[in-house]
Amino acid sequence: MSSPAAAVRAAEPDSLGSPSMDDGQLSPVLAGKKALVIGIANEDSIAYGCAKAFRSVGADLAISWLNEKARAFVEPLAQELGASITAPVDVSIPGQLEAMFDRVRSQWGRLDILVHSIAFAPKQDLQGGLLDCSAEGFAKAMDISCHSFVRMAKLAAPLMPAGGAMFAMSYYGANRVVPNYNVMGPVKAALEAVCRYLAYELGPREIRVHAISPGPLKTRAASGLKHFELMLNEAAHKAPLGELVDIMDIGYACVYLATPFARRITGELVYVDGGANLVA
Ligand SMILES: NC(=O)c1ccc[n+]([C@@H]2O[C@H](COP(=O)([O-])OP(=O)(O)OC[C@H]3O[C@@H](n4cnc5c(N)ncnc54)[C@H](O)[C@@H]3O)[C@@H](O)[C@H]2O)c1
């Protein structure tokens, strides 16, 4: 089957925009780029590490919070990072995601970077085995943690006429059975497949899509997993680099993949886990 990029482009030296690979403009490498980061709950959030990393290399930020309760924690972080756009986004409330993208369109007129760093499963469905997960719980986990990325990509792509980069957060439990990861295993496996298919469909528009697979980090979402401490201990023990990752490691991996230095890389599953995934 032929690729959607029917007319295959010849390699262009600067096809993702300035700075080009050889003009020496290394800092700040994403100056003026527009980044929408969805998924900050507090200062432990992976999304906060991503927002902070993008800001540190010059990007302008749009940041969301889940609801009024979350706003109290997220708004000060958004202010600290000088976010130009802030708004509530609960992806399960029809219209909120669309409203955020309307703000991006009217205020920025374009978008360069999208970070999806959200996940949810109802507690009783998450903490039992997969066999005991209800159909409703499975569908809810899949909708919020996976299909919402498809919806975001659809809204973001028209705002990326000169190309862009999109990221979604996965986990090792997508590919190997991790005890207690339960329904999130199949959900993350679907999310990784979504990233590959979006990379295929959006590649002809120079939009690159990656799944990032962080090692375990103590965050609010992780606290919903049974025996999470065991996962942390195992990851620290297994990682060839000998220590756990932090949220800035995830952020800087995304920064690199969003720069022109990574312009020919798309559809990857990138582990940021100190190498733990290599070890049986
Ligand atoms: N913490 C880890 O060990 C780890 C490891 C690998 C991958 N991840 C993934 O990283 C991502 C971020 O999680 P985190 O660990 O930073 O935890 P977190 O609790 O800080 O972030 C999860 C976010 O999901 C958001 N969210 C939940 N339901 C939502 C909805 N309906 N609409 C919009 N947002 C919603 C929450 O508001 C929160 O901001 C998740 O996809 C998670 O599965 C986490």
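This is a predicted model: local features need pLDDT of at least 70, side-chain atom pairs count only at pLDDT 80 or more; totals for chains, interfaces and linings use all residues.
## Nonpolar core

The largest nonpolar core comprises 80 residues, and within this core Val 37, Phe 54 and Cys 254 have the most contacts. Cys 254, once residues up to four places away in sequence are set aside, touches Cys 50, Ala 53, Val 115, Phe 167 and Ile 212.

## Packing of helix 5 and helix 6

Two packed helices are described by the angle between their axes and the distance between the axes. For helix 5 (residues 135-156) and helix 6 (residues 184-202), the axes come within 9 Å and cross at roughly 10 degrees; the two helices are therefore roughly parallel to each other.

Helix 5 contributes Ala 141, Met 142, Ser 145, Cys 146, Phe 149, Val 150 and Ala 153 to this contact, while helix 6 contributes Met 184, Val 187, Ala 190, Leu 191, Val 194 and Leu 198. Sorted by class, the contact has 12 nonpolar residues, one polar residue and no charged residues.

## Surroundings of the ligand

Around the ligand there are 27 residues, of which Ala 41, Ser 45, Met 169, Thr 219 and Ala 221 come nearest. The shell is made up of 19 nonpolar, five polar and three charged residues.

## Ser 92 in its loop

Ser 92 lies in the loop between strand 3 (85-88) and helix 3 (96-107), and Ser 92 counts as exposed because 12 other C-beta atoms lie within 10 Å, the cut-off for exposed being 12 or fewer.

Leaving aside residues up to four places away in sequence, Ser 92 touches Asp 143 and Ile 144. Ser 92 and Asp 143 are 51 residues apart in sequence, with a C-alpha to C-alpha separation of 8.0 Å in space.

Technical notes
Residues are numbered from 1 along each chain as its sequence is written. A nonpolar core is a set of buried Ala, Val, Leu, Ile, Met, Phe, Trp, Tyr and Cys residues joined through C-beta atoms within 7 Å. A residue is buried if 20 or more other C-beta atoms lie within 10 Å of its own, exposed if 12 or fewer, and partly exposed in between; C-beta atoms are placed from the backbone. Two residues are in contact if their C-beta atoms, placed from the backbone, lie within 7 Å. Axes are lines fitted to C-alpha atoms, for helices over the stretch in contact, and angles run from 0 to 180 degrees between N-to-C directions. Helices (H or I, at least four residues) and strands (E, at least two) are DSSP runs, numbered from the N terminus. Angles under 35 degrees count as roughly parallel, over 145 as roughly antiparallel, 65 to 115 as roughly perpendicular and the rest as oblique. Ala, Val, Leu, Ile, Met, Phe, Trp, Tyr, Cys and Pro count as nonpolar, Asp, Glu, Lys and Arg as charged, and the others, Gly among them, as polar. A residue is near a molecule or strand if its C-beta atom, placed from the backbone, lies within 6 Å of it.
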